[in-house]
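Please look over the model shown here together with the notes that follow, which are meant for someone meeting it for the first time.

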Amino acid sequence: MPSFAIVALILILARCCAELWLSRLNQRHVRANAGAIPEAFRGVIDEPTYRKSVDYTLAKARFGNAVTIYDTLVLLAVLFSGLLPRAFHTWQEQFGATAWSMAALLFVVGSVLSIPGIPTDLYSHFRLEQRFGFNTLTLRTWLLDRVKGLLLAMLLGYPLLVLVLKIVGWMGAHWWLWAWGIVVLFQMLLMLIAPALIMPLFNKFTPLPEGSLRERLFALAQRTGFPTRSIDLMDGRKRSRHSNAFFTGFGRFRKIVLFDTLVSQLSETELEAVLAHEIGHYKKRHIVKLMGFSIVSLLVAFFAIAWLAQQAWFYSAFGFTPHAGFDPASITPALLLFALVAGVATFWLSPLMNAWSRRYEYEADRFARDAMREGDSLIGALRKLTEKNLSNLTPHPLYSGFHYSHPTVTERERALRS
């Protein structure tokens with residue numbers, strides 16, 4: 001086995017072992033604290049609900065462990081069985097090595113590699129989430145979602161892949177810089193059109209009815225200088241009883257979206273506090289900063305792909321024949337392999353990214369507290385959402401560092417009261 005193949009194998013197994021160890025650590029921590037409701041939630045969550053949240057956390061952990069092992073075995077089989085290079089060469093012989101052909105290969109391989117995830121996705125929705133009363137998704141809706149996603153990928157993703165691969169031939173050694181620019185522009189366009197053209201394909205959006213809640217939320221938006229053209233209700237109940245709120249779009253196309261489940265769970269004052277938190281992300285420019293980081297990360301990724309595509313040891317490690325030059329056939333394996341192995345490296349950066357995200361959550365919480373002139377409404381909302389979603393009240397700090405992009409409710413409440 002080539003040296004880099006051994007390195008890749010070790011890194012994949014190391015991530016798998018780390019995931020399982022962190023999960024075990026968290027499960028032991030949850031069980032150790034399961035005897036009594038945490039002090040901060042006494043009088044807020046009753047004993048049966050707390051027991052149910054513990055059971056839900058442990059059930060998700062057990063299922064997550066099985067998925068981790070399953071996904072690792074699938075990834076190892078895909079990378080080291082020789083299937084990918086054989087499929088690549090067979091496809092090239094049958095359909096040629098044009099940008100259209102190589103883009104189609106990437107699309108087909110991506111679709112085939114999504115198949116092993118179907119059983120776990122079905123179990124997650126129709127067994128695990130169903131067992132704890134969260135799932136409202138029907139098999140018909142699940143199938144329609146996947147068909148719509150596939151059609152959108154064909155309509156939008158395939159032409160983008162073709163253009164990226166054509167750029168390789170047009171621009172030579174600097175193809176990655178041009179491809180990065182094209183993908184960034186595509187993402188910006190997608191963010192602009194998604195609220196009007198794509199999101200309605202999956203969910204129904206209706207204007208928030210006239211009344212005190214609508215007046216309260218628009219008054220908050222005006223008071224905090226948040227430009228919005230509408231506040232919509234989304235039929236989140238169509239898929240799950242979990243709840244959320246977000247805003248989407250740019251400029252005058254920006255709109256606020258509330259899950260119908262969220263509106264049914266919180267009081268008007270609490271909903272106002274939740275929206276103030278979301279507006280806080282906008283006013284503190286968190287979205288712009290995260291987009292900037294994403295754009296820079298994408299640039300690094302394209303540079304890495306371009307460099308790896310010229311390294312014989314990288315191709316040989318996974319059974320591909322090194323192919324010098326700048327054409328679709330020489331870059332396609334690098335694009336595919338990078339997509340498969342990048343997560344092995346980024347996993348170890350999760351604590352840094354989550355720490356950054358949690359910092360932004362604290363800032364948005366403080367903005368909401370200042371906008372509301374009190375913090376009790378947001379605390380009440382967070383407590384209710386924690387109860388309704390059966391969130392883990394006692395995660396292990398190390399597990400939280402790797403998996404939680406938000407602080408725990410206890411941490412957020414402590415910060416809001418400070």
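1. Met171 is partly exposed, because its relative accessibility is 34% (buried means under 20% relative accessible area, exposed over 50%, and partly exposed in between, with a 1.4 Å probe and protein chains only). This residue lies in helix α6, where helices are DSSP runs of H or I with at least four residues, numbered from the N terminus.

2. The model is a predicted one, in which local features need pLDDT of at least 70 and side-chain atom pairs count only at pLDDT 80 or more, while totals for chains, interfaces and linings use all residues. Residues are numbered from 1 along each chain as its sequence is written, and side-chain values use heavy atoms, with hydrogens and water left out.

3. Met171 also belongs, with Leu163, Trp170, Leu177 and Trp178, to a nonpolar surface patch of about 520 Å². Two or more residues of this patch come from each of α6 (139-171) and α7 (175-198), and the largest share, 3 residues, is that of α6.

4. Helix α1 (residues 3-32) and helix α2 (residues 47-80) have axes that come within 10 Å and cross at roughly 175 degrees, and the two are therefore roughly antiparallel to each other (the term applies to angles over 145 degrees). Their contact is formed by 16 nonpolar, 7 polar and 4 charged residues.

5. Ile69 has its place in helix α2 and, with a relative accessible area of 40%, is partly exposed. Between Ile69 and Gly343 there are 15 Å in space, C-alpha to C-alpha, although they are 274 residues apart in sequence.

Note on methods. Axes are lines fitted to C-alpha atoms, for helices over the stretch in contact, and angles run from 0 to 180 degrees between N-to-C directions. Angles under 35 degrees count as roughly parallel, over 145 as roughly antiparallel, 65 to 115 as roughly perpendicular and the rest as oblique. Ala, Val, Leu, Ile, Met, Phe, Trp, Tyr, Cys and Pro count as nonpolar, Asp, Glu, Lys and Arg as charged, and the others, Gly among them, as polar. Patches are made of residues with over 30% relative accessible area and no salt bridge: like charges are joined within 9 Å, nonpolar side chains (Val, Leu, Ile, Met, Phe, Trp, Tyr) within 5 Å. Accessible areas come from the Shrake-Rupley method with a 1.4 Å probe; for residues, only the protein chains shown count as cover. A salt bridge is a side-chain nitrogen of Lys or Arg within 4 Å of a carboxyl oxygen of Asp or Glu.
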